[in-house]
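I opened the notebook to look up a handful of places in one model and to write down what the atoms say about each of them.

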Amino acid sequence: MSEPRTDNRLADAPMQPVRCHHCAARLLARKSTVHQTSLQWNAEAIEACAELGASPMPGPALAGCSRLKESLAAEVAAGTLRIVQPA
């Protein structure tokens with residue numbers, strides 16, 4: 001049986017701290033491509049986000065937050081959140 005392959009994507013391009021421009025929630029994000037974003041929420045960020053707090057869905061991965069998407073786009077445009085594989 002072979003050893004599992006190590007996922008080194010985060011070593012090459014780690015998640016970066018970002019802040020939602022609307023609610024100031026602080027979380028970690030990584031933009032692999034223009035269309036693919038990985039987010040790492042913590043309890044404080046979930047609590048700060050009015051959209052996630054009001055969602056009937058059971059978690060941020062399912063609920064999403066439209067305002068955070070706008071903030072991520074602004075961070076990419078400002079160059080503070082880089083896209084690992086730009087189009």
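Is Ser-32 buried or exposed? I looked up its accessibility and found that Ser-32 is buried, with a relative accessible area of 14%; here buried means under 20% relative accessible area, exposed means over 50%, and partly exposed is in between, with a 1.4 Å probe and protein chains only.

Before going on I noted the conventions. This is a predicted model, in which local features need pLDDT of at least 70 and side-chain atom pairs count only at pLDDT 80 or more, while totals for chains, interfaces and linings use all residues. Residues are numbered from 1 along each chain as its sequence is written, and side-chain values use heavy atoms, with hydrogens and water left out.

**Entry: overview**

I counted five helices and three strands in the protein, taking helices (H or I, at least four residues) and strands (E, at least two) as DSSP runs numbered from the N terminus. Along the sequence the pattern reads α-β-β-β-α-α-α-α. Of the 87 residues in the protein, 24% are buried. I also looked at contacts, meaning heavy atoms within 4.5 Å: among those between residues at least 6 apart in sequence, 44% join residues at least 24 apart.

**Entry: Ser-32 and Arg-30**

I placed Ser-32 in the loop between strand 2 and strand 3. Its side chain is joined to that of Arg-30 by a polar contact of 2.6 Å, and to that of Gln-36 by one of 2.8 Å. A polar contact is a pair of N or O atoms within 3.5 Å; within protein, one must be able to donate a hydrogen and the other to accept it, and residues adjacent in sequence count only if both atoms are side-chain atoms. Not counting residues up to four places away in sequence, Ser-32 touches Ile-83, Val-84 and Gln-85. Arg-30 itself lies in strand 2, residues 26-31, and at 8% relative accessibility Arg-30 counts as buried.

**Entry: helix 5**

I then checked the length of helix 5: its 13 residues should span 18 Å at 1.5 Å a residue, and its end C-alpha atoms are 19 Å apart, which agrees. The expected span is 1.5 Å times one less than the number of residues.

Which residues of helix 5 are buried? I found Leu-68, Ser-71, Leu-72 and Glu-75. Seen down the axis, the buried residues of helix 5 fall within an arc of 100°, so they line one face of the helix; the arc is that of the directions from the helix axis to the C-beta atoms. An α-helix has 3.6 residues a turn, so residues three or four places apart point the same way. The buried residues of helix 5 pack against strand 1 (16-19), strand 2 and strand 3 (37-40).

On the other side of helix 5, I noted Lys-69, Glu-70 and Ala-77 as exposed, with Glu-70 at a relative accessible area of 57%. Glu-70 and His-21 are 49 residues apart in sequence and 8.3 Å apart in space, C-alpha to C-alpha.

**Entry: after the helix**

Just after helix 5, I found Gly-79 with a positive phi of about 85°. Leu-81 lies in the segment after helix 5 (66-78), and Leu-81 is buried at a relative accessible area of 1%. Leaving aside neighbours within four places in sequence, Leu-81 is in contact with Gln-16, Val-18, Ala-29, Lys-31, Leu-72, Glu-75 and Val-76. Leu-81 and Val-18 are 63 residues apart in sequence, yet 7.9 Å apart in space, C-alpha to C-alpha.

**Entry: the nonpolar core**

Of its 13 residues, Val-18, Leu-27, Trp-41, Leu-68 and Leu-72 touch the most other members. Strand 2 and helix 5 are the elements that give two or more residues to this core. Leaving aside neighbours within four places in sequence, Leu-72 is in contact with Val-18, Ala-29, Thr-37, Leu-39 and Leu-81.

**Entry: cysteines**

How many disulfides does the structure hold? I found zero, where a disulfide is a pair of cysteine sulfur atoms within 2.5 Å. Cys-20 is in no disulfide, and the nearest cysteine sulfur, that of Cys-23, is 3.9 Å away. Cys-20 is buried, with a relative accessible area of 2%, whereas Cys-23 counts as partly exposed at 23% relative accessibility.

Conventions: Core = buried A, V, L, I, M, F, W, Y, C linked by side-chain atoms within 4.5 Å.
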